[in-house]
Amino acid sequence: MYRSDRLRQVDEETFTLRIPKDRDFKILQLTDLHLGFGILSRNRDKLALDAVRKLIKKSKPDLIVLTGDSIFPFLPKSGTLNNRRQAKKLMAFLDSFEIPYTQVFGNHDCEMGSVCNKEELAELYKKGRYCIFTEGRKELTGVGNFLIELVDDSGKVPLSLVMLDSNMYGEGGWFYSGFDCIQDDQVTWCMGRLNALKREYPDMNAMAFFHMPPREFKEAYEKMKLGDKNVIYRHGSIGEKNEYFGISKFKGTFFDRAVKNGIIKWMFCGHDHLNTLSLIYKGIQMTYGMSIDYLGYMGIKKSYIQRGGTLITRRTDGSVDIRMVPLGAVVSTRVKGVH
Ligand SMILES: [Fe+2]
Ligand SMILES: [Fe+2]
């Protein structure tokens, strides 16, 4: 666990992290590293690690958030199912920057047949020298549902980061049975915690980080393309073939309840490596992080307009700026039907 007088673990599901009062607080979202650390992935891992190094150097963040699929225990591509070794290597790599980091699980970190389950990976991540992680409340669906409350100099919490496990696969339990979503019990927990905090800190907003996009992201995109002016385009594009969104077949209540609740103003996901879109819908800015993957998608090594990170800057006046940090010089910002 990250040891600092700035960080305090309050309970099994809550951290507080003190932020500087006189300068911006910068969060770098990195997603879908898909590190194999196996016999088949050596060259591609090197590219991914180099990319992360460059992005961290370029953006100098105060906190790094990984939104899932960081490791990839998938035998045909990595040559290993040993996600314990992968997690250890990932931690050693991230610890070397001496910048605190936190993360949520994606659908691949504990792929079917891998050595460790999520609980075991959570135990490992808790040992990372700069890692902020906890498995959260045991009775909740998923592992790693927790809060990081950012605390300013006056002891107030102006912004909370909600980390959520968007789970893996639905009925059937494997890749081809379709994706799961954030479950109702997690949603109820999240809204309950935020409501309680809001009573104490009326000016507080929240950001949510999870792996898989909510289905409302697709809904918003389609509305925007039809000219709905209630959807505000911010940046990026949908680069997946046939404008694919890897959403769950389940309805999921997270987005709707977040809109009603009104505290979460920003949501960040990954999962669809070629999508980098950011838009505002019903008062919530939904953002696909630029991704790192060199290994997961067939042929992705050569594709580059999606590769990078996403820099989230909280300014001292409380405003939030979200921008792409592309690894290369070219980035896709075109959305068909909008420009
Ligand atoms: Fe992924
Ligand atoms: Fe994924």
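**Entry 1: a parallel pair.** I started with strand 3 (residues 25-30) and strand 4 (residues 63-67), which pair in the parallel sense over four bridges. For my own record, strands pair if DSSP finds at least two bridges between them. Helices (H or I, at least four residues) and strands (E, at least two) are DSSP runs, numbered from the N terminus. I looked up Q29 too: its bridge partner in strand 4 is V65.

A note on the source: this is a predicted model, where local features need pLDDT of at least 70, side-chain atom pairs count only at pLDDT 80 or more, and totals for chains, interfaces and linings use all residues. Residues are numbered from 1 along each chain as its sequence is written, while chains are lettered from A and ligands numbered from 1 in the order in which they are written.

Entry 2: Next I traced the open sheet, whose six strands follow the order 6-5-4-3-14-15 with mixed pairing. Which strands are at the edges? I found strand 6 (131-132) and strand 15 (320-326), each pairing on one side only. Helix 1 (residues 42-59) lies across strand 3, strand 14 (308-314) and strand 15, and runs at about 165 degrees to strand 3. Axes here are lines fitted to C-alpha atoms, for helices over the stretch in contact, with angles from 0 to 180 degrees between N-to-C directions.

**Entry 3: two helices.** I then checked helix 5 (residues 184-200) against helix 7 (residues 254-261): their axes come within 10 Å and cross at roughly 15 degrees. That makes helix 5 roughly parallel to helix 7 (angles under 35 degrees count as such). V187, M191 and L194 in helix 5 meet F254, R257 and N261 in helix 7; contact means C-beta atoms, placed from the backbone, within 7 Å.

**Entry 4: the core.** The largest nonpolar core has 93 residues, and V162, M207, A208 and F209 have the most contacts inside it. Such a core is a set of buried Ala, Val, Leu, Ile, Met, Phe, Trp, Tyr and Cys residues joined through C-beta atoms within 7 Å, buried meaning 20 or more other C-beta atoms within 10 Å of a residue's own. Leaving out residues up to four places away in sequence, A208 touches V162, L164, I264 and M267.

**Entry 5: antiparallel strands.** Strand 10 (residues 232-235) and strand 12 (residues 278-281) run antiparallel, joined by three bridges, and Y233 stands opposite L279 in strand 12. Strand 12 also runs antiparallel to strand 13 (residues 284-288), with four bridges. Their hairpin has two residues between the strands, and K282 takes a positive phi near 50 degrees there.

Note on methods. Contact = placed C-beta atoms within 7 Å. Buried ≥ 20, exposed ≤ 12 C-beta atoms within 10 Å, placed from the backbone. Parallel < 35°, antiparallel > 145°, perpendicular 65-115°, else oblique.
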